[in-house]
Amino acid sequence: MSSHASIASAGTASAGLERFTYDDDVVRKFVMATVVWGVVGMLVGVIIALQMVNPMFNLSLQGSEWTSFGRLRPLHTNAVIFAFAGNAVFAAIYYSSQRLLKTRMFSDLLSRIHFWGWQLIIVSAALTLPLGLTQAKEYAELEWPIDIAVVLVWVVFAVNYFGTLAVRRERHLYVAIWFYIATVVAIAILYIFNNLVMPAGALKSYSIYAGSQDAFMQWWYGHNAVAFFLTTPFLGLMYYFLPKAADRPVFSYRLSIVHFWTIVFIYIWAGPHHLHYTAVPEWASTLGMLFSVMLWMPSWGGMLNGLLTLRGAWNRVATDPILKFFVVGVTFYGMSTFEGPLLSVKSVNALSHYTDWTIAHVHAGALGWVGFMSFGMVYWLLPRLFQTDVAKPSWVGLHFWIGTIGILLYVIPIYAAGLTQGLMWRSFNAQGVLEYPDFIETLTILIPFYWIRVLGGTLYLVGAVLCLVNVIMTWMRRPAVYDVPVHEAAPLTAGFREPPLPPSKLPQGSVTNFARKLDVFAQLRWHRTWEGLPLVFTVMVGIGVISASLFEIIPMFTRRSDIATIATVTPLTPLECAGRDIYVSEGCVNCHSQMIRPMRAETERYGEYSKAGEFVYDHPFLWGSRRIGPDLARIGTTKSSPLWHWRHFALPTDTSPGSIMPPYPHLLAKELNFGKIGASVQALKALGVPYTDADVANAEELARAQAKEIAAKLAAETGPTGVEDRQAIALIAYLMRLGTDLNKPVAVPAAEPAIAGMPSPTATSARPTEGPVGVPSDRGGE
């Protein structure tokens, strides 16, 4: 039983009222975790920014395989999203919900399980990601045991939250609660269905989806994780803490209703716009683009509702640094939600995709919106939670200005880098030849921009450190025993009915009855009824998320014509499968794409464009979202020398002068665990990859045989000898396979007796098996 029940039954309450206290202890824990993990996540971000300007910061040559960019980049994203932003979200929800619902959280025990469970998940991520234990899916890298822990902790949180709604003493749900409900419901659906995997070991698994379908599911999740973990809960934060800090009511109740429901029903459709010009069906990415463009208006409605809440209080913004944090945060929300729809437009996306433009866009939202809203909330909460004055009030304003300058020094040069990158990639000279055929040329020119980013990120980190020190110093000044105020409120009365809706103000006889009913509906007074029915409200949110998802998922998984098979595409060999696992483990997908878009600049640079049928056995897909290095979809057709790859792993600048790729000496020295390959092949077979029982049983033997062949070629090219058991050999086998399936000859079936008037059987083409000549049917509608 929660403690609020026993307090409520104490005998000194006023007549008809119940007494209760708020659980601020768990809020203190989440606030402290927010600032600690924020510093950790931002420190890792500065480290990987340094790695982008000089590979020596990877520490590879110093014997560290755990600090390379490929392994630290997912640690940075997970730390900032789930540790920093996640703890800030939970602090906001636990503090504001108790006060808005006039009740203590449903269970103190569940609150503690939630807090400590979430911190253990973060620590697990911090340990496993640098070890190379990853699913290689953005914002969903954690392996299956940790995924299970995430789901269990989320269930604990959901039970605690909906239990609190059930015992509330305030009938109507305030707008912040709506956004919290959307977060709880949507994240549960997104996380579970994107992370369905087939385990192949204690810390190894493969996505149950493959190729184009896996890409679709990933960005259905990835885009909406931003929507429902970094947007909706922070909008709830905005709707509570901004009016509190400004001491002003929310500008428009009606606008908040329109803002909420359009976000819930529209946002979920927008994910596929991340996959323009890839091997997903064109209808999917076009649909994502249309809904992304529609998102601009409701998003700006929320921004304006936040900024206009400050009407009559703008004079305080000049002197109150907490309001400064909130105002700049909401402004960055508006900028990001304008730029997001812009980047979803195909013509813009063709230029921006895979470039640093996307990185600048993401960090403008993360540093400006998420970061500043979190810091503003922390500073507002400090005196209320620790019941003492902020230790260093002047540092709050200093933090604001250092952070603001840091954001600008980060995003402005990276926007410039992204535009430079995209324009150089597609630049042709007067003779119609690529002006910058060597990818390195388009990278080295960006190094000055990357140095400025390091400066900006460092300044932002310094601001976060100031915040952490300020929080600790304030905590040290706390009273020996916290004062726990006792509140009183009447319980909800049974049988309550909302008053009838007011009649239309339109004069009778001048308009139709339908117009009068529409006028009543437009007043949105009916929404008050829903606000008193949290179960109905939650169901409606669930319907919005699930229905929109199914409208895209069902055709994606049932229209077989969207993924035309290619006869020459066959599963990877056991050794190549092991090499792909190493590719995943080292985080190569964070720097290299495997998706050639059907654009002249890309086909001239990399070869024939990619087709959906090439990826039908890829669990997970490895198309990437950024090119710090060149695309590798056809690397097997251009780099067929084992010695080239070996030298590239040993010292990338030896084969590619100017490269910022770190060396991988551990791949040349560490032995490959051939004994685990069979389990991987077995797991992939269970997912439908057409391996035979013999392939599974003989996986180790087959892998060793192919490794010997590659090692022999390496030795014949004056490379090292006796290295057939090294991890690098498996990775070389995988890279040498990429892109070669389209060039394979197809075995002609045994001749059959000719029948008069009928053509003789012919070999199956290496091109898609459906569609007329010259029309690639697997492009999904192009």
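Mentor: A pocket is an open set of points on a 1 Å grid over the protein atoms alone, where a 1.4 Å probe fits and protein lies on both sides within 12 Å along at least five of seven lines; lining residues have an atom within 4 Å of a point. This is a predicted model, in which local features need pLDDT of at least 70 and side-chain atom pairs 80 or more, while totals for chains, interfaces and linings use all residues. Residues are numbered from 1 along each chain as its sequence is written, and side-chain values use heavy atoms, without hydrogens and water.

Trainee: How much space lies in the largest pocket?

Mentor: Its lining is made of 42 residues, and those closest to the centre are His592, Gly629, Pro630, Leu632 and His648. A volume is the space filled by probe spheres set on the grid points, which are joined across faces, edges and corners. For the largest pocket this gives about 870 Å³.

Trainee: Which helix supplies the largest share of the lining of the largest pocket?

Mentor: Helices are DSSP runs of H or I with at least four residues, numbered from the N terminus. Those that each supply at least two lining residues are H2 (25–53), H23 (600–606), H24 (635–638), H25 (642–650) and H31 (727–737). The largest share, 4 residues, comes from H25.

Trainee: How many cavities of 30 Å³ or more does the structure hold?

Mentor: In a cavity, the probe fits but cannot get out. With the limit set at 30 Å³ or more, the number of cavities is 8.

Trainee: Which helix gives the most to the lining of the second largest cavity?

Mentor: About 370 Å³ of space lies in this cavity. Of its 28 lining residues, Leu572, Glu614, Asp618, Leu738 and Asp741 are the closest to the centre. Helices H22 (574–585) and H31 each supply at least two lining residues. With 3 residues, the one that gives the most is H22.

Trainee: Which side chain meets Arg634 in a salt bridge?

Mentor: A salt bridge is a side-chain nitrogen of Lys or Arg within 4 Å of a carboxyl oxygen of Asp or Glu. The N to O distance here is 2.8 Å, and the partner of Arg634 is Glu614.

Trainee: How many residues apart are Arg634 and Glu614?

Mentor: Both Arg634 and Glu614 are in the loop between H23 and H24. The pair links distant parts of the chain, and the two are apart by 20 residues.

Trainee: Is Arg634 buried or exposed?

Mentor: Buried means under 20% relative accessible area, exposed over 50%, and partly exposed in between, with a 1.4 Å probe and protein chains only. Glu614, at 16%, counts as buried. Because its relative accessible area is 7%, Arg634 is also buried.

Trainee: Are Asp725 and Arg726 buried or partly exposed?

Mentor: Their side chains meet in a salt bridge of 3.2 Å, N to O. Asp725 has 22% relative accessibility. Arg726 is also at 22%, so it, too, counts as partly exposed.

Trainee: Which residue forms a salt bridge with Arg737?

Mentor: Arg737 is buried, at 10% relative accessible area. The closest N and O atoms are 2.9 Å apart, and the partner is Asp741.

Trainee: What distance separates the C-alpha atoms of Trp296 and Pro341?

Mentor: Trp296 lies in helix H11 (296–308) and is partly exposed, at 31% relative accessibility. Pro341 is 45 residues away along the chain, yet the C-alpha atoms are separated by 6.3 Å.
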